Amino acid sequence: MLDVSKVINSVTGGTVSLIRKNGAWVRGKWVAGPEVKKTIIASVQPLKGSEVQNLPEGIRNEAQASIFTAERIAVNDEIEEGGQRYVVLSIDDWQRRGAYTKGILGLLRPPT
């Protein structure tokens with residue numbers, strides 16, 4: 001099995017922050033818990049035109065970048081890199097075959 005995580009960690013990766021929002025459903029309503037912030041090694045890359053065209057129409061307009069990491073990330077996690085904050089719109093989980101996860105990121109705009 002090809003372990004791509006070693007390449008991400010040693011060659012292309014830098015440190016980014018993974019922000020996971022915790023919470024629970026209580027009587028049918030979502031109650032937000034504390035954010036958990038963790039530093040991970042990942043490679044954030046701009047999307048190529050062909051990658052954008054292959055995305056589902058629902059996230060195509062929001063997609064700004066892709067992320068490759070050996071960490072497990074999930075949809076709606078947030079990534080902070082270079083002063084920008086992104087939300088994970090979709091993931092391709094290759095942990096069992098290549099020991100990495102690829103995600104599509106949408107830029108979060110600061111509140112106005």
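Val 44 stands opposite Ile 67 in E3. That position belongs to the pairing of E2 with E3, which run antiparallel and are joined by 5 bridges. Two strands count as paired here if DSSP finds at least two bridges between them. Ile 67 also stands opposite Gly 103 in E6. E3 and E6 pair over 6 bridges, in the antiparallel sense.

A word on what you are looking at. This is a predicted model, in which local features need pLDDT of at least 70 and side-chain atom pairs count only at pLDDT 80 or more, while totals for chains, interfaces and linings use all residues. Residues are numbered from 1 along each chain as its sequence is written, and side-chain values use heavy atoms, with hydrogens and water left out.

The protein chain has 3 helices and 6 strands. Both are DSSP runs numbered from the N terminus, helices being H or I with at least four residues and strands being E with at least two. Read from the N terminus, the order is α-β-β-α-α-β-β-β-β.

Back to E3. Is E3 largely enclosed or open? Of its 7 residues, 5 are buried, so E3 is largely enclosed by the rest of the structure. Buried means under 20% relative accessible area, exposed means over 50%, and partly exposed is in between, with a 1.4 Å probe and protein chains only. For the protein chain, buried residues make up 33% of the 112 residues.

Next, the cores. A nonpolar core is a set of buried Ala, Val, Leu, Ile, Met, Phe, Trp, Tyr and Cys residues joined through side-chain atoms within 4.5 Å. The largest one has 12 residues, including Val 44 and Ile 67 from the opening, as well as Val 16, Leu 18, Tyr 86 and Leu 105. At least two residues of this core come from each of strand E1 (14-26), strand E2 (29-46), strand E3 (63-69) and E5. E2 supplies the largest share, 3 residues. Apart from this core lies another, of 7 residues, among them Leu 47, Ala 63, Leu 89 and Ile 104.

Now E1. E1 and E2 pair in the antiparallel sense over 12 bridges. The two form a hairpin with 2 residues between them, and Arg 27 in the turn has a positive phi of about 50 degrees.

The charged pairs come next. A salt bridge is a side-chain nitrogen of Lys or Arg within 4 Å of a carboxyl oxygen of Asp or Glu. By this rule the count is 9. What links Lys 21, Glu 35, Glu 78 and Arg 85? They are linked in a network of salt bridges.

Lys 21 counts as partly exposed at 48% relative accessibility, and Glu 35 counts as partly exposed at 46%. Lys 21 also meets Glu 78 in a salt bridge of 3.3 Å, N to O. Here the link runs from strand E1 to strand E4, over 57 residues. Glu 78 is buried, with a relative accessible area of 10%.

Asp 93 forms a salt bridge with Arg 72, the closest N and O atoms being 3.4 Å apart. Asp 93 lies in strand E5 and Arg 72 in the loop between E3 and E4, so the pair ties together parts 21 residues apart in sequence. Asp 93 is partly exposed at 47%, whereas Arg 72 counts as exposed at 53%.

Gln 95 is found in the loop between strand E5 (84-94) and strand E6 (100-107). Is Gln 95 buried or exposed? Gln 95 counts as buried, because its relative accessibility is 14%. Leaving aside neighbours within four places in sequence, Gln 95 is in contact with Thr 69, Ala 70, Glu 71, Arg 72, Tyr 100 and Thr 101. Contact means heavy atoms within 4.5 Å.

That is where I will stop.
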